[in-house]
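This report looks at a few local features of one model. Please have the sequence and the coordinates at hand.

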Amino acid sequence: MPTYPIDGGAEIAVNPSGGFGKAPLSLNFQCRHVRRMLSINSGGFAGRLHWAVLNADGAWQAPAVQPDGSQDCDGTASSAHLNGDGNVTMTFRSGQVPEKITFVLVIEVGGQTHWLKGPGGENFVVDVAALAAEVGGGGLGGEARVAPREPTWPELEKAKAAVASAAKSDTSAPVVRRRRAKAPAMVNSSDLFVKAGEMQVEQGLGSIKWTATVGADEVNVFLEALLELSEDAEVSLHWGAAPSAGSEWQPIDTLPSNCKAFDDVAARVVVPGQARLVLSFKRAQAPKAPRWLSFVLYIKFGSGELWLKRDGGDNFWVPVLATGEEVPQTATSEQSLSQRFCQAETRYQHFTQFQRLCACSDVLAAEVDFEAAAWIATVLCLADAKALEWYRKSGYQPKDMAHAQERIGGVMSAAVSNAQDPRIRTLLRLAVKAVPRGSSGGGDAIRHGILNIMRTHGIKEGHRPGIECKFIEQWHQKLHTNSAPDDIAICEGYLAYLSSGNVDEMYRVMWECGKLTREDLGKMCQMGFKDHTKSGGRGLNFTPVHLPHMYNDVKSFLGLLKHVHGGSDLFSLCEACKGQYPDHESECLAFDIFHSRDDPFSMGKILDLRRSLAERSNVAEIPRDGLLTFIFQILEDLMMSRHDPSLQQGYALLQKLMQQSNKWTPEWCKMLHAAFDRIALTCTATADVISTALQNCADELLEAGSKPGAVFCPDSKHLGTFGEEKARCLTERVLAQTLKVFMPQVRRWSGLGPWEVVAAGGLGGAVGILQSCHELPTEAPSEAQLLVLETMTGWEDIPANINAILLPAGQAVDTLSHVAIRARNQEVLLASCDEEQQLQELRKLQGQNLRLQVSATGEVTWTATSEKSKLKDSSAAAFLAETMQPPPPPPSAVLKASDFTKNPKSIGGKSLHLAELMADGTYRVPTSATIPYGIFEQALKDKANEGLEEELQEVLAEGDMAEARKFLEEELAVPSSVRPALDAALGEASKALDAGDWQRALKRVWASKWTDRAVASREQMKVPDKALYLAVLVQPVVHARYAFVIHTRSPLPGASPSSALVELCVGLGESLVSNAPGRALSASVEGQAINVHVYPSKPEGVFVPPGGTAIFRSDSNGEDLEGFAGAGLYDSVTVKDCEHRSVDYAEEPLFFDEQFRSQLLLQLFQIGRQIEKNFGGQAQDIEGAVAEDGTIVITQSRPQV
């Protein structure tokens, strides 16, 4: 690196890099000792290089093209501005590098401008051509060329011919394979191949051509370099073997003869003449061929070197044995955010809290999405809890750390303010708690502060003589190179030692203040500090010399540390709790305690505050009006910090309820219960999403730390439950728990009991306890059981011999959910209870035989019995399999609605019952068409899908149902006759098919034959796959204001035979049939009498997208059969995804317009009676929608189960 002395004692160093071939040439200028020369003691200064090209006559002239890092100054001279460290880099592109440049250094400080030149007042002159030649020489243009080579490559042609000869014996027609083939157990002719490709080299330096010849035994990789380099450059291949593209290199047992090992996983070989290279392997013996060959190019010229990768920054990847269908894990140079964080935390050799804060700041400075917020919260919170390393073989100056802390605080604040997604705001507010406040002005003060203490009190400092205190010496070095918030705890502990003289007291205080152990103190030396004591000691594990006279100065130094690194002191905590105190008086009291913290009476004030908070901790004892106020306050606080529209709508609903004149009446309490349920669901959903996101990040860190090559692996004890632990601290969780305590009481005030029954049935069995639906047995238990479940989604199937499923109230399901239909069909009691005590009593009876009773009012009670309940007759399964006869061949690709009744055996119950409806003007039926049974089977055998059915059977045999569905959706070709037939059958309504990919929707319905629950259900009922056929009903989706279900005979306990149960939700019926969180409006209607059981509380509604869409509805021959309710087993899919929006019940007439609600319920009751009569008096489950213009549309009617 040449240096140029400045007249006055400073100097400028010029460091060249690059310049190989067509690579840019960079000149880095470093100014040294300028501060000292100009006596710049503090503050900043501005500087620049005032430069120009020096022509052959020695005159200044402008560069042909401005290099990067420079700009034109006056038409001749240019300016390159220095950064804060006195450095600047100019980068010249290939062909634009001058022979020589000349410059002067301009420094502006204190209102003065200094023009600095070389000795004797001469301008500086840099021989750029000489520097370029030193590092690579190609930057000047003209010298770079592609190395010469023979026009043919006989060795390559010979290898190709050998493979072709070996494969010649295979004359069978190739079988089209659409999915990834299994690795062959033995080599056959189809495994012999030649493949080739070309990859561009970064910086426009050329390309690499490759050819892999894979024979029965020999495997050769031919590489040809087409690089524009100078003749003297040496090109080497730095390579390794990997199981998949983008994965880590693995150790190589035996190398090809022309290669040498570089380290445990990498090998290196020179490319002869910069032209061609062959790597020879074997298939089964050493040196064994890799699946993927990965490499970078290492270029050496003189004293310079250069590493080249593929254009885009990734390694070069050659699929030697890999199939062409194997997609690289890392197709671009861009690492995902998770990869970047995992690599930094577990693989970087040098990484500290400083680098962590800088990385998070960079992410926060860009647009922050949900994934980014989750990763920032994860790494900062885990680091704050000392679950991640703070000091890994790297140092920094205190001022840098202080600046980093101040910067992240600023960008964090901006990110929180700009975030529109309330979940992002929640995650970032979690991260805020783990970020010290920082102070860029205090960073240097820390370094000078500890030096002043040492010099004032005569402590030995390096070679300066004085009192030898190894603890202070090491802490001094830490403060210089790794100052961080844990220095506050160290200082607190040291003060305790100065006060008491007891070193155990020091370690106790360090633990209490910062959770620092002696092991942590020892690691500080391992992770980046040298042993400046020359004693062989480790980190800060030294007993300090007792110097009590230093106490006051160290106490002042503690204030400085808190100023820079603090964030968890009393004032910060008081600030952080703003808006979360139970009342304004408590908030004022907390700040009063801070301001009078040295007052001896502050202890009494602390007790008053704790007593105030404790009184409010038992919400069950708060008067109901006081509890409403408490809930309002928490909700207001959440709205201020989260900006969540759903929470705002819940708050508006509560406010409107408070304005009603019928406050605390039974009907008002039902509405209040719905409002609480809606808010609790919103809060729980947010907390669950946050918990899952954080845990996913923690799990990725654990996985990354467990892989070979990791230098750090987090402790699973800290990360195993990280997500839930952080989510438990959220105000959303607190509010949801508060509402959970209050809601049962509100239900009692509504005149409702603790139990809600949606299906009544067999009432005896042994008590079993399961946590979630995933633990439901797939096989029928050997004895009848009554299950107490903690969670349920609504999509579960119920195994035989389960006589009852009892749930907490928060897991209550809709009457039309899949599991509710199955329960009624199988005569299983399905009920929920809002009194935890009753469920707990049942749990204590695990294994005992009970007989349950359901009263006419829906109350569930039980008695012990010594008799085991009889198992249900299993003959229904055999009967079902016998009745599901194969349908006739499809009469056409599509049946229009007028043909449904003519072909009853070619369509399912949805289509047939729809055709049998006799609309009389009180309701309408949507335009419909059905793709009949057998079209899917015909499509599998179509020539366009040759071989597909066999491959599908292979996937099914492997048991991977998700892969089978994906395979069909991606590969199946829909018969060309389907779309024209749909257009003809639907007429004008067929335009809805163009809203999206209608073929994808159709294929997803057909593929749903192999959903996990469908397969499990068929296995339980002994129905073979070949007996199940899927027709598909196609309809335009109604622009619905409401969706409804009418059970023409109420399934509720004790209901009159003439009573109907009507359920209503805002938006489309997907919310009802999918058991989306929350409840629909549920009301019993009999004659003119209406009894609303539950008001709607579903936070979200589903709505038709702008422009409309169509739906493809499964219509199988396995639905609505005697002894088997197959509804919901198979999917219905819209052409374009519907929109999910939060529902504003404060403006919803279902809540507050009693006349509107009553008229609508009575109208639906009358339509239900009419349709029931239409089907000969048989009770019906009727689905439909209330269109935006008020029209009633019936989309389905089926016999009630």
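Strands, like helices, are DSSP runs numbered from the N terminus, a strand having at least two residues. The model described here is predicted.

## The loop at alanine 856

With strands assigned in that way, alanine 856 falls in the loop that links β30 (849-854) to β31 (860-864). Its relative accessible area is 58%, and the cut-off for exposed is over 50%, so alanine 856 counts as exposed.

Which residues does alanine 856 touch, leaving aside those up to four places away in sequence? They are Pro1053 and Gly1054. Alanine 1055 is 199 residues from alanine 856 in sequence, while the C-alpha atoms of the two are 7.6 Å apart in space.

## Helix α6 and its ends

Helix α6 covers residues 370-384, 15 residues in total. From first C-alpha to last, α6 reaches 21 Å, close to the 21 Å expected at 1.5 Å a residue.

Of the 15 residues of α6, 12 are buried, so the helix is largely enclosed by the rest of the structure. The buried set runs through Ala372, Ala373, Ala374, Trp375, Ile376, Ala377, Thr378, Val379, Leu380, Cys381, Leu382 and Ala383.

At the start of α6, the backbone nitrogen of glutamate 371 has a side-chain oxygen of aspartate 369 within 3.4 Å. Just after the helix, lysine 386 adopts a positive phi of about 65°.

## Packing of α6 on α8

Helix α8 (residues 422-432) packs with α6 at an angle of about 15°, and the two axes are 8 Å apart. Angles under 35 degrees count as roughly parallel, so α6 is roughly parallel to α8. Their crossing is left-handed.

On the α6 side, the contact is made by Phe370, Ala373, Ala374, Ile376, Ala377, Leu380 and Cys381. Arg423, Ile424, Leu427, Leu428, Leu430 and Ala431 supply the α8 side. Among the α6 contact residues, Ala373, Ile376 and Leu380 are also listed as buried.

## Packing of α18 on α19

How are α18 and α19 oriented to each other, roughly parallel or roughly antiparallel? Helix α18 (residues 624-642) and helix α19 (residues 645-658) meet at an angle of about 150°, with axes 10 Å apart. The pair is therefore roughly antiparallel, and α18 passes α19 in a left-handed crossing.

From α18, the contact involves Leu628, Ile631, Phe632, Leu635, Glu636, Leu638 and Met639. From α19, Leu647, Gln648, Tyr651, Leu654, Gln655 and Met658 take part.

How values were computed. Residues numbered from 1 in each chain as written. Predicted model: local features only at pLDDT ≥ 70, side-chain atom pairs only at ≥ 80, totals over all residues. Heavy atoms only, no water. Helix = DSSP H or I, 4+ residues; strand = E, 2+ residues; numbered from the N terminus. Expected span 1.5 Å × (residues − 1). Buried < 20%, exposed > 50% of the residue type's maximum accessible area, 1.4 Å probe, protein only. Polar contact = N/O pair within 3.5 Å; in protein donor to acceptor, adjacent residues only side chain to side chain. Axes fitted to C-alpha atoms, helices over the stretch in contact; angles between N-to-C directions. Parallel < 35°, antiparallel > 145°, perpendicular 65-115°, else oblique. Left-handed = near helix turned anticlockwise from the far one by under 90°. Contact = heavy atoms within 4.5 Å.
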